[in-house]
Amino acid sequence: MSRTVIQEPTFLILTALAAGPQHGYGIMTDVARISGDRVKLRAGTLYAALDRLRADGIIDVDREEIVESRLRRYYRLTEDGIRVLDEEATRMQANARVAVSRLKALAAGAS
Amino acid sequence: MTAAPLEQRYRRLLACYPAEHRSTYAEEMIGVLLASARSDQRRPGVADTLDLIGGAGRIRLRALATGTPDPGWRDALALTSLIAPVLLVALALKQNLGWLAGLTWHNPVPYLYLAGVAALLVPVALGLLGLRRIGALAVAATVVWFAVQAAAPGGQVLDPRLAAYLVLIAIQAVALVASPGPRHALRLITRKGIVIALPWIAGAAYAGGLIPTSYPEPQIVARVAIVAVAIAGLPALITPAGRRLAVLIAVIPGSAFVVTVLTFAHVQFYDMSLPAALASLCLPPLALASVTILAARRAG
């Protein structure tokens with residue numbers, strides 16, 4: 001299976017779900033917390049992403065609850081979702097490691 | 001109590017989403033939107049509004065790209081793939097009816113012209129044979145040919161007629177790729193539907209001047225006919241597929257109108273006033289769309 005680089009909002013949604021099943025509003029607030037309030041997902045973006053991730057088999061519905069007469073649906077990572085997030089995190093980590101080591105070398109050369 | 005009007009307004013915005021998406025996520029989205037709203041908020045914010053419209057657009061585009069548009073659009077696009085070539089041929093013949101009628105057996109048969117008109121039916125014929133994508137390629141080739149002609153020295157880039165043709169051809173290409181095609185459209189149209197729709201189609205053709213008359217009828221008759229056919233075609237708008245088909249078809253006169261305004265030349269083409277010209281483009285397909293109210297059994 002060919003792997004595509006996932007965009008930051010998607011990465012953050014998957015990271016939020018790595019903590020355990022969460023509902024839509026929970027994902028939104030968690031993504032804001034993880035990104036230090038830099039990424040604030042809105043409902044349109046969030047549900048377009050959730051719909052796509054469900055269709056791709058990356059996430060699935062964990063359970064549904066009715067809270068104050070409103071539907072609350074919890075989502076969780078699937079096996080594929082765990083693998084995709086792991087691969088992406090590893091890739092980003094490797095890139096970041098190279099960037100940090102080169103910046104250190106640059107700083108050492110300048111001093 | 002501020003939640004009720006805010007919720008109603010959010011629901012109105014969610015109408016941008018495909019019905020299938022709404023049935024799965026609407027209640028959940030409303031819950032999230034209301035949870036994110038300020039306690040005194042009565043209207044959706046600009047950012048939320050744009051985000052919801054953008055989200056709906058992305059979902060619709062993805063459905064189109066993966067070939068899974070909702071049933072209403074699928075039926076409307078299938079009907080368009082059948083109607084568009086019929087309309088193209090009607091327009092092409094109408095422009096030269098006088099010339100064709102004036103031909104006698106002394107004149108050489110205009111094979112080239114007739115072959116050109118017949119070529120407009122090739123994509124739909126391919127679609128009926130189950131070769132939709134090849135048909136769409138044929139349509140795309142026609143668009144390129146038209147564009148090259150228009151861009152050539154002396155070409156009429158801003159001719160409203162050309163714009164209407166090009167848009168109609170482009171819509172046909174999209175319809176062939178993104179829908180089950182004309183075969184599916186034929187299944188949507190029943191014999192009873194055609195019999196009932198025929199007077200509407202004939203009326204629309206008359207109003208639009210597609211059928212020649214041997215005497216100059218008073219303009220008032222044409223106007224009454226246009227209004228009558230418009231009223232007769234209105235039922236098509238109450239079915240989901242009919243509404244969507246009307247949106248697709250409205251793009252054609254819309255593009256012609258924009259080009260007309262851009263050129264600042266005059267608000268006439270086909271030697272008609274603008275309302276009559278727009279009606280002539282809109283009404284025949286709208287009347288055909290009326291068939292859907294009688295025949296689209298699974299248009300919901």
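In this predicted model, 15 residues of chain A are in contact with 19 residues of chain B. On the chain B side, at least two residues come from each of helix 2 (19-36) and helix 3 (46-65). Helix 2 of chain B provides the largest share of that side, 10 residues. Sorted by class, the side of chain B that touches chain A holds eight nonpolar, six charged and five polar residues.

**Nonpolar cores**

The largest nonpolar core has 35 residues, and the members that touch the most others are A:Ile13 and A:Leu46. Both chains contribute: at least two residues of this core come from each of helix 1, helix 2 (24-34), helix 3 (43-55), strand 3 and helix 4 (79-110) of chain A, and from each of helix 1 (3-14), helix 2 and helix 3 of chain B. The biggest contribution to this core, seven residues, is made by helix 3 of chain A. Another core lies apart from it and has 32 residues, including B:Ala84, B:Val124, B:Ala175 and B:Val177. In soluble globular proteins, nonpolar side chains tend to be buried together.

A:Ala16 is placed in helix 1 of chain A, which covers residues 8-17. A:Ala16 counts as buried because 22 other C-beta atoms lie within 10 Å, where the cut-off for a buried residue is 20 or more. The C-alpha atom of A:Ala16 is separated by 9.8 Å from that of A:Ala32, a residue 16 places away along the chain.

**A hairpin in chain A**

Strand 2 (residues 59-67) and strand 3 (residues 70-77) of chain A run antiparallel and are joined by eight bridges. Within this pair, A:Arg63 stands opposite A:Tyr74 of strand 3. The two strands form a hairpin with two residues between them. A:Glu68, in the turn, has a positive phi of about 50°. Strand 3 of chain A also supplies at least two residues of the 35-residue core described above. In a regular strand the side chains alternate between the two faces of the sheet.

Technical notes: Residues numbered from 1 in each chain as written. Chains lettered and ligands numbered in written order. Predicted model: local features only at pLDDT ≥ 70, side-chain atom pairs only at ≥ 80, totals over all residues. Helix = DSSP H or I, 4+ residues; strand = E, 2+ residues; numbered from the N terminus. Buried ≥ 20, exposed ≤ 12 C-beta atoms within 10 Å, placed from the backbone. Contact = placed C-beta atoms within 7 Å. Nonpolar A, V, L, I, M, F, W, Y, C, P; charged D, E, K, R; others polar. Pairing = 2+ DSSP bridges. Core = buried A, V, L, I, M, F, W, Y, C linked by C-beta atoms within 7 Å.
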